[in-house]
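Here are my notes on the model, as promised. Have it open while you read.

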Amino acid sequence: MTDRPRQIHLAAHFPGVNNTTVWSDPKAGSHIEFSSFTKLARTAERAKFDFFFLAEGLRLREQRGKIHDLDVVGRPDTFTVLAALAGVTDHIGLSGTINSTFNEPFEVARQFASLDHLSGGRAAWNVVTSWDAFTGENFRRGGFLAQEDRYDRAKEFLQTARELWDTWDDGAVIADRDTGRFIADSTEGAFLHNGTQFQIEGHFGVPRSPQGHPVIFQAGDSDTGREFAAADADCIFTRHGTVEAGQRFYEDVKGRLARYGRSPDDLKILPAATFVLGESEEDALEQSAIVRRQQVSGQTAILFLEQVWNRDLSDYDPDGPLPELDPDLSEASIVKGRVPVFDDRMKTAAKWRSLAEAKKLSIRELMIEVTNPASFVGTPLQVARQIDQAVTSRAADGFILVPHVTPGGLDEFAETVVPLLQEWGRFRTQYEGPTLRDHLGLPPAKSSKTARLAINAGAT
Amino acid sequence: MTLPSHLHLAIALDGAGWHPAAWRESDARPLDLSSPRYWVDAVQEAEWGLLDFVTIEDSLAIQSTRRGAVDSRTDQVRGRLDAVLIAARVAPTTSAIGIIPVTTTTHTEPFHVSKAIATLDYVSGGRAGLQARVSATELEARQFGRRAISTPQANGARTSPDTALITDLFDEAAEFVEVVRRLWDSWEDDAELRDVATGRFIDRDKVHYIDFEGPHFSVKGPSITPRPPQGQPLVSVLAHVPVAFRLAARSADLVYTTPTSTEVAHSIVSTIRAHEVAEGRQGPKLLVFADLVVFLDENTTTAVLRKQRLDELDGRALRSDAFIFAGTPGDLAELMVEWQAAGIDGYRLRPGAVPHDLEMITHELVGALQDRGVFRQHYEDLTLRARLGLPRPANRYARA
C-alpha cells in the first residue's frame, strides 16, 4: 500500500429546521426555492466534497399544541430535490433521509434505484425509523408501529430493498437489434420476500443501477442503532461534541464490524459538525457568540426550557432566572414531531439549576451555554487542524458540515479550510471516480447474481 | 370568419416509443433508456418544438403484453425508472415546457405525492403536474403486500377485479387527489413571514390542518412543503370508460381521451360535459385532449411501411387504446384541426418511435400547425396552468 495519508471525507448538510439555522441573518435565503439547493450543492462540488445531504420531516413540529414558528418551517421533498440536483451537478454524492416506517420497500427501492441511474451512481439513503403516531396522522396506516418494532421493520425494509436491487443482473439489458433480444432473461426483476414485516412478490421494474445499491446511512446512537449500522450501513451519521466521545463511539462501532465479516473501512463514521470561522481566534470566538445569540433567542430559550420542564413557561422572562417549580414528569410531552434532545428531566433540571447558580446565568444565557455550541471555532488554519486531528485520532472518518446560513454558509469554509486540507494531502483535489462509493472508498455492492441465487435458494 | 384558435400540443414519453419494437430502429438508443441523458434529450427536443408539456409514462408493474400478468417475452423493452424522479432530473435542464409524470394513486401515500409534485413545481418554476393512474391489478397489489385487489375464488384462482371494486379504486383516486390538492393549499401563499422583530418564521394562522377523513384514509396535514408556485399543479387523467370520466370530472384539470374519429370526438366531449354537470363541477371546464399514436414520414406510404416493418419485428400488429395515425405531418395537422372543431382542446401525441417520430412532431408537425395558424410561434413566460388558459386556483383556506 502507498503511504498516502488518511483521507478525510467531507459533506454538506442543507441547513435544517432547528435553531442551528439562522434565518434572521440578512444573508439568509430561501429554504424552499431550488436555487438555494443548487447554490449549496455546487459550492460543495467545487470544493470536491463527498456528498450533499438532505434531511426530512414528515410532520411540522408542534409545541404547546401549536405549529412551531420560531425556526425555519417547511421543506421540499427529498427525492425530488436530489433528482433535480443530479441535473445541476456532475460528481457530488446525493444523500437523503427517507423514513422506513411511512413508506413501503417496493416504492423506496424503486425511487433510490431510479435516483442512482439519474445521477450516474451518486445516490445515498439515510434510513431513519421515526415511528410516532403524531407523524402517522399524515399517512394511510397512521401510527401503526410500536417504538420497539421500528428497528425490526427498518432492518427488514432495508434487506428487502437490497433484494429488490439485486433482482436485475448487471448486464441484463442487452438490446441486441440483430437477435431482437432486449433483456437477457424474462425473469429479470422477479422477487419473492417472505418475512415477518413484509410478504411481497412480483417484478421489480428498475434495471440494476450504477452503484448496485445506493450508499446506506444510518443515524442514531442507541445500541440497536449502532448494531444496525455495523450490520448493514456504509456510513453512520452521528453527533459527538468532543474528540474523546467521538473516539469512544468510533472504537465501539468499528469494533462491531468484524462480527458481520466486515472490515473497519467498510463503515464510515461521519459526525455532523457546525463551524464558525474568523480572521483571528478572538474574532472567531466573537462571531461564534453572535451566532449563538442568533440561534438562541429569548423565545427559543423558553422553548428549550419547556422541553425539560414539560410545562408552559411562556410567562417567564428569558433574561430572568430559572423557574422555581419542578418539571412536570408526566408522560405526555408538550413537544411533538422532534426527537427529544434532553434525557432525564429531573436530573437535567438539577444540573441546569446548579450551573445557572454557579455562573449567575439567565434562562437565555444558560440555554446558550448548554445547547449545541459550534463544533469548530477558529481561524481557517485552526479549524483545518481540528478536523485533521479528529480524523487522525480516529474520532471520525470525516464530517458532515452544517452551515448555519442558507445557502451561502459554506462558501468561506470551501474557500479557506478546504485548500489547507488539500495542501496537507488529506483531502482530494479532484474526484477520482464517478460514483459516491468511489468518493467514500467503499467496496462495490455485492454481485447481484450471487445474491439473487441465494434468495431463490432460500425461497424454495 | 373568426381566427382559428390555438390548440395545445403535448407528447407522451415512454421508453423507446410506443411501438414495442421501436427500440430496434437504427436511431434508437435502447441502452440509454435508464440514463439521464436520454430523458433530457427527449424533453429538450419537445421544448425545442414549443410543446405545452410532456408526460412521462409509469406503472408499478413491469411492462407486459398480458394485462395484469407478466409475460415471458425478452424482445421488448422491460424496466423503467420512476417518472417523478425523471421529471425532477429533467426540470432544471429545461425552462419552458410543462412536465407531467404519471403517478399511481392506489398504493401510494397522498402526503408523499403531494410534496413531490409541489417540489417538482418549485424545481421547474411552475411547470409541474401529475397524471393520476389507478392500479387495478393483483400483481401490483402483491408488490406492496398491504391489501388484495381481486377476490379469491373457491378454486384458488383470482378473477379480474369486479365493477364494484373498480368503482371503489376510482373513488379512492378521487379522494387521493382531493387530499393532494388540500395539502397544496395547506399553506397560504404568504405564510412565510421571516419577521425578525417578532422572531416568527411563519404566520402559523396561515398554515392549516386539512383534517381529511374519508372512507379510504385520513390525513391531518399540513404539508411540510409550502404552497407551490402554481398554487395547485396540473392534475390530469386518462379516461376511456365512465368511471374514469367521472374521476376526471370530479378531480382533474385535464383529461386525455382516445377518439377515433370526429364523430367519436364529439360524443366524448359531450359525455365529459354531461359528467361535469352530474358531478356539479365548479371552476374551469375540463380541458379535453385527444391521445394519438403517431408514425410520421414525408409520405404516407413510408409511414405505413415503417409501422408495418415494426409490426413484423414484434410479431403482431400494434394494438393501442388510442387511434393510430401513420401518415404525413400535414395530414395529421388536418385531422387535428378537424377534431378541434368537435371540441378537442389539445392533443397528446404518443410517438411510435423515438427519436424519429418525436423529431417529426417538433420539426414538421409543429410547422404544419403554425402554417395553419393554430399553434404558437414562441413560448411566453408562463406557468403550465397559465399556458393552458387555467387560472391560479384560489386557496380554499385563505380568509377572503
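1. Asn99(A) sits opposite Val128(A) in β6(A). This is a predicted model, in which local features need pLDDT of at least 70, side-chain atom pairs count only at pLDDT 80 or more, and totals for chains, interfaces and linings use all residues. Residues are numbered from 1 along each chain as its sequence is written, with chains lettered from A and ligands numbered from 1 in the order in which they are written.

2. Strands β5 (residues 93-99) and β6 (residues 123-128) of chain A run parallel and are joined by 6 bridges; two strands pair if DSSP finds at least two bridges between them. Helices (H or I, at least four residues) and strands (E, at least two) are DSSP runs, numbered from the N terminus.

3. α3(A) packs on the sheet and touches β5 and β6 of chain A, its direction making about 150° with that of β6(A). Angles run from 0 to 180 degrees between N-to-C directions, and axes are lines fitted to C-alpha atoms, for helices over the stretch in contact.

4. Zooming out, 8 strands of chain A close into a barrel, in the order β1-β2-β5-β6-β11-β12-β13-β17, with parallel pairing. From one strand to the next, the twist averages 30°.

5. What does α3(A) meet in α5(A)? Pro105(A), Phe106(A), Val108(A), Ala109(A) and Ala113(A) of α3(A) meet Phe157(A), Thr160(A), Ala161(A), Leu164(A) and Trp165(A) of α5(A) (contact: C-beta atoms, placed from the backbone, within 7 Å).

Conventions. Two residues are in contact if their C-beta atoms, placed from the backbone, lie within 7 Å.
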